[in-house]
Amino acid sequence: MAATTAYKNQAQALMRDYLLADPLVPYTSVLIGIILCKMAYDFTRILSSFYFKGYTSLTKIQRIEWNNRGMSSAHAIFITAVSLYLVASTDLFSDRIKGPVTFRNSIISTSALGVSVGYFITDLAMIFWLYPSLGGMEYVLHHTLSLVAIAYTMLSGEGQFYTYMVLISETTTPEINMRWFLDTAGLKKSSAYLVNGILMFVAWLVARIFLFIYVFYHIYLHYSQIMQMHAFGYYLTFLVPSVLFVMNTMWFMKILKGVMKTLSKWP
C-alpha cells in the first residue's frame, strides 16, 4: 500500500512539474484541434463542390450538415488511429509496466486529447447554434459528457487509458456519416448503402458494445487503482462509460432494426 501511494505521489508530482507546468501543452492542442476542425469543414465543402454535382442543389442546412459530418469523420479517423496506437502499439498502458495504469500519460497522449477537446467544443457549438438541426438532446448529452471527461483527463493526466478505450468507439462515426451522405445523395437503394449498413452494424457491435463490456471488466480488475484517483475522476470513470453504454445500446437496437428492414427489402 505504501509503495502504491508513493508511486501515486511521484506520478502526480511528475505530471504537475513537467507535463502541466506549461499550459501550452494542453491548451495549444485544444486550439490546434479547433483550427483543424475549421480546415476539415472547409476542405469538405471545397472537395464536395468539385466532385459531387448535387452538393450545390442541397439546402443551406444540408450543406452545413454535410460539411459538419466531413469534419466529424476526420476527427474520428484521427482519434481512433491515435487511440489504437497508444493502447495496442505502445507500452504506455501495458500491464507489463509497474504502477497504476490510471496515472499514466505522455506528451503525445495529452496533446491528442487536446485536439479531441477542440473538436467536441467546435461540434457542440455548432449543435447549439443550429439546434436541433444537427442533433437533439441525445447529441448534446453525448458531447457534453465526452467533453467534460476528455478535458478532465487531459488536464489532470488521470484515467487516460479509459478515455482512449472509449474513444476507440469513434471508429463507427465514418460509417454513420457515410450512411447519411448516401441517403442525402439519393443512393439509399444502392449496394454501397447496404454494404455500409452492414459495416456500421459490425463496427458498432464491436466498438460500442463488446469494447465497453471489456472496459467495465478492466475497471473491475483495476478497481484498487481507480480508488486512488481524485474523486471527480473516480466518478467520471464509472459515470461516462455507463451512460454512453446505455445510449450505445439504444442506438444499436435502432441500427439492428434498420439493417433487418433493409435486408428484407433487398432483392
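Trp-204 is buried, and so is Trp-251, where buried stands for under 20% relative accessible area, exposed for over 50% and partly exposed for what lies in between (1.4 Å probe, protein chains only). The model here is a predicted one, so local features need pLDDT of at least 70 and side-chain atom pairs pLDDT 80 or more, while totals for chains, interfaces and linings use all residues. Numbering starts from 1 along each chain as its sequence is written, and side-chain values use heavy atoms, with hydrogens and water left out.

Searching the whole structure turns up 19 aromatic pairs. To pair, ring centres of Phe, Tyr and Trp (its six-membered ring) must lie within 6.5 Å; planes under 30 degrees apart are stacked, over 60 edge-to-face, and the rest tilted. Arg-208 also sits over the face of Trp-204, 4.6 Å from the ring centre (the cut-offs are CZ of Arg or NZ of Lys within 6 Å of the ring centre and within 35 degrees of the ring normal). Elsewhere, Phe-52, Tyr-55, Trp-66, Trp-180 and Phe-181 make up one aromatic cluster.

Five residues of a nonpolar patch, its largest share, come from α8, and α8 (191-221) and α10 (231-265) each supply at least two. Ile-213 lies in helix α8 and is partly exposed, with a relative accessible area of 43%. Helices are DSSP runs (H or I, at least four residues), numbered from the N terminus.
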